[in-house]
Amino acid sequence: MARIRVGDEEADALGRELGAVLGYVELLNSLDTSGVEPTGGVLALATPMRADDPAEPLAPGVVVMNAPAAEGSAFAVPRVLGGETEG
């Protein structure tokens, strides 16, 4: 994200949006939640479990069949880091 280019006008808009988010967080911090139990979710649902049984692996051609780009049996992705020597 450090490489994202943002113009002055967009930076001003992002600054206003971030200020609004931080204002809302400050509002939430001002609430008294001392009597509220922490929760991981609003509904008490059991986590469905399944057997962790090994299965036959997929054929490499099937795995990359719907990939936007592939080289042989591997996914082809654009270079993320540039200007570095391979090693």
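Helices (DSSP runs of H or I, at least four residues) and strands (DSSP runs of E, at least two) are numbered from the N terminus. The model is predicted, with local features needing pLDDT of at least 70 and side-chain atom pairs counting only at pLDDT 80 or more, while totals for chains, interfaces and linings use all residues. Residues are numbered from 1 along each chain as its sequence is written, and side-chain values use heavy atoms, with hydrogens and water left out.

**View 1**
The protein holds 2 helices and 2 strands, which follow the pattern α-α-β-β when read along the sequence. Its radius of gyration (taken over C-alpha atoms) is 24 Å, well over the 12 Å that the globule rule (2.2 Å times the number of residues to the power 0.38) gives for 87 residues, so the protein is more spread out than a compact globule. The C-alpha trace spans about 55 × 50 × 25 Å along its principal axes.

**View 2. The segment before α1, at arginine 3 and isoleucine 4.**
Arginine 3 is placed in the segment before α1 and is exposed, with a relative accessible area of 61%. Isoleucine 4 is found in the segment before α1 and is exposed as well, its relative accessible area being 51%. From C-alpha to C-alpha, arginine 3 lies 24 Å in space from alanine 69, and the two are 66 residues apart in sequence. For isoleucine 4 and glycine 61, which are 57 residues apart along the chain, the C-alpha atoms are separated by 35 Å.

**View 3. A negative surface patch that includes glutamate 10.**
Asp8, Glu9, Glu10 and Asp12 form a negative surface patch. Glutamate 10 lies in helix α1 and counts as partly exposed, at 44% relative accessibility.

**View 4. A nonpolar surface patch that includes leucine 58.**
Leu58, Val62, Val63, Met65, Phe75 and Val77 make a nonpolar surface patch of about 630 Å², with accessible areas coming from the Shrake-Rupley method with a 1.4 Å probe and, for residues, only the protein chains shown counting as cover. Leucine 58 lies in the loop between α1 (8-29) and α2 (60-63), and this leucine is exposed, with a relative accessible area of 62%.

Methods. Patches are made of residues with over 30% relative accessible area and no salt bridge: like charges are joined within 9 Å, nonpolar side chains (Val, Leu, Ile, Met, Phe, Trp, Tyr) within 5 Å. A salt bridge is a side-chain nitrogen of Lys or Arg within 4 Å of a carboxyl oxygen of Asp or Glu. Buried means under 20% relative accessible area, exposed over 50%, partly exposed in between (1.4 Å probe, protein chains only). Lys and Arg count as positive and Asp and Glu as negative; His and the chain ends are not counted. The place of a charge is taken as NZ of Lys, CZ of Arg, CG of Asp or CD of Glu.
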